[in-house]
2 protein chains.
Amino acid sequence: MSKKPLRIGLAGLGTVGGGLIALIDGADATLAGQVEIVGVTANSRSRDRGFDISKYRWFDDAAALATDPEVDVYVELMGGSDGAAKHSVEAALKAGKNVVTANKALLAEHGLALAALAELQGRQLRYEAAVAGGIPIIKALREGLSANRITGIAGILNGTCNYILTTMESTGRTFGDVLAEAQRLGYAEADPTLDVSGADAAHKVSILAALAFGGAPNYAGVQTQGIQEIQPIDLEAARGLGRRIRLVARAVLVDGAVEQTVRPLLLPADHPIARAEGPLNAVVVDGVPIGRLTLVGRGAGAGPTASAVAADLIDLIHGDERPVFAAPVAGNAGPKAAAPGTGRSRFYVRLRVADRPGVIAAITETLARHEVSIESFMQRPIESAAQVPIILTTQTCDEAIIARALSEIASLPAVVEAPCLLRLED
Amino acid sequence: MSKKPLRIGLAGLGTVGGGLIALIDGADATLAGQVEIVGVTANSRSRDRGFDISKYRWFDDAAALATDPEVDVYVELMGGSDGAAKHSVEAALKAGKNVVTANKALLAEHGLALAALAELQGRQLRYEAAVAGGIPIIKALREGLSANRITGIAGILNGTCNYILTTMESTGRTFGDVLAEAQRLGYAEADPTLDVSGADAAHKVSILAALAFGGAPNYAGVQTQGIQEIQPIDLEAARGLGRRIRLVARAVLVDGAVEQTVRPLLLPADHPIARAEGPLNAVVVDGVPIGRLTLVGRGAGAGPTASAVAADLIDLIHGDERPVFAAPVAGNAGPKAAAPGTGRSRFYVRLRVADRPGVIAAITETLARHEVSIESFMQRPIESAAQVPIILTTQTCDEAIIARALSEIASLPAVVEAPCLLRLED
């Protein structure tokens, strides 16, 4: 174990980069003597970061750092699916370097090409920090459960959305209000689109699916619905049903095909995913023969994410070599993608209608005509003469059928707001 | 990745051995082509096991199997801290074989000597299956969190005790009654002592402590209290306090010393450990910079345990090499053990007294004289004239002091049963 330290080139000096520097050169450096920083790069050399980078060789160009002869491992913490991140990771692999990255967008959108390149070069591409921060879910799937047939993975993979939903739930405040607060607290980006639209969780679940089921990430195949439409009334109604609304990212095997979804679900209040509060992440893995494994922890932040990057580096020191995803991607496309929108479920529907005679009859008649059976129906207190909220839940039916019924209902003159359709699951 | 299969010698053909054979040679064998069984041994060759062993070379002697020239890895699933298990594992390491074992008693009681032998021989000794079955907690501590300073680990590490406690809680039945049922269902051994006394959990937590804090397992240093004394009235009273009773195994760093305990605790009902029901295991790890990580899954049974053994085998195939515990044990004693019985806590006390005047006054006076402050006091409905249950909780005080007060109280003529003392923690 008295080898020379692993020499890394560190690209990206934001929150996670700073966390990694603390683990290598800080007062309480657990990587001291094992890992050495030989060069750094970032957007700006002079920005005040709260930590000192003057002792490291500075590179203006990430690809130059990635291919520097002194670098053993290129650590990419810049982010972004394309541009400098992609170019420099490719350059590093082509130059025969191992790569550690926290970049879920890059892996989700270019995982196949990057894995093929790593295989061709006989190099390791590691990304524990790309999904669920401090939860070692990549290692669990790739190694701990490697003898299992995974049947499904579900989880909360975006702490920003979970913070917003659980805060809306506990305070009754609106999406916009809580989002603005999350931005002030640093839990949400200035442009929150990637988070609240579900795209970030979709990036992550496509990576988990590749590890669980084979092939490479199929980000384009993730059916994604964000949380922008969720209103306080939905969280309150869910609670009345003994449920919680969570943005759930999920990949399951259905008849040999992989169904990948990100959407807000009404889960039973005691479901392990529903219990994750605030910015936590939670992942539930179902497999044979292991049964169910649940992991809960901090999904973001300097410390947890840097801890995950460090675990990849220590793995490289110990000589562990694995395919990038579940198996080599060359000649292995993985299972096919399930056709979208074909699932059966119970559903939750929220409508707002004008307070006039015959509206309820028209809605229930339309559902009946499409053979959608109502399980519960609640007319909520009138908000104004033009705004009566209606909450209903259905028995199990086809998603395509209820979507068609709702599109008819949306076109009724008395319906004053686009219907909100969510799944109820157990 | 098209290497020759790893050749294993398999000792022990019980539940876990059968689960491993299914993963190697079963209809749905995830290890097919990667692992090959070259020989087996067990107590009885002819016993009907429900699976076929006739195609494997039979060894009467485990050490002969462990040292056979065709064996790359010796897999020890016999159990027991000494005897054939210990002798054969030592023989395998001395013969230059890697070893995979599920034997927590062996590692807890002889971990230092075995790790030193493995280091001397430059061989791997792996034991993912020894703690928490299907939960990859060994891998998480050894690899996933390797850049963290762990400050504490706590968990439910014995599914038998958790099944008994949660069944007593939900049904109001007695310890003896539920234990007998657990034995019929196969959740408890014919001799349940190792489980219900807390010794099995103590074995396991000593292994986790070695991984988290350094040194080798110090089983003798675990303060252990079992669940035999717990009565339905305790579970009911705990519920009234918003708490659950769980047998918690814990290792924490206190002023640089390791405090290892196994004892029934009254935890808040929403604590992640308290939420684990039935035969589940749960582990909570606190570290810097990761924060808190919680893992919940099946801690025993053929499938989960064989999955853990298989993960170790696949790690060996991929060439990963690690110290047996957190770091090489040669010349590294690890942190010192904390002095026992010195902790401060809030406490729960159950007494049974004869229904006669002055008893309560004598009890409360004794506590007051020892400066133990009562937080809540409940006299429960009289069970009989000679049996009045009293439940009280205290404010924070020294364990040694309340133990002294209770020993005085126990000697009062009106106190008809040994007091039950448990900790209340948050």
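Author: Happy to. Two strands pair if DSSP finds at least two bridges between them, and the strands themselves are DSSP runs (E, at least two residues), just as helices are runs of H or I with at least four residues, both numbered from the N terminus. This is a predicted model, in which local features need pLDDT of at least 70, side-chain atom pairs count only at pLDDT 80 or more, and totals for chains, interfaces and linings use all residues. Residues are numbered from 1 along each chain as its sequence is written, chains are lettered from A and ligands numbered from 1 in the order in which they are written, and side-chain values use heavy atoms, with hydrogens and water left out.

Let's start with strand β16 of chain A, residues 420-424. Strand β9 of chain A (residues 257-268) pairs with β16(A) in the parallel sense, over 2 bridges. In that pairing, L424(A) of β16(A) has L266(A) opposite. Strand β12 of chain A (residues 344-353) runs antiparallel to β16(A), and 5 bridges join them. Here R350(A) has C420(A) in β16(A) as its bridge partner.

Next comes strand β10 of chain A, residues 280-288, which is antiparallel to strand β6 of chain A (residues 149-156) and joined to it by 7 bridges. One place to look is G155(A), whose bridge partner in β10(A) is V283(A). β10(A) also has 8 bridges to strand β11 of chain A (residues 291-298), again running antiparallel. These two strands, β10(A) and β11(A), form a hairpin with 2 residues between them. For G287(A), the bridge partner in β11(A) is G291(A).

Finally, the helices. Helix α6 (residues 159-171) and helix α10 (residues 232-240), both of chain A, have axes that come within 9 Å and cross at roughly 75°. The axes are lines fitted to C-alpha atoms over the stretch in contact, with angles running from 0 to 180 degrees between N-to-C directions. The two helices, α6(A) and α10(A), are therefore roughly perpendicular, a label for 65 to 115 degrees, while under 35 is roughly parallel, over 145 roughly antiparallel and the rest oblique. Contact means heavy atoms within 4.5 Å, and L165(A), M168(A) and E169(A) of α6(A) meet P232(A), L235(A) and R239(A) of α10(A).
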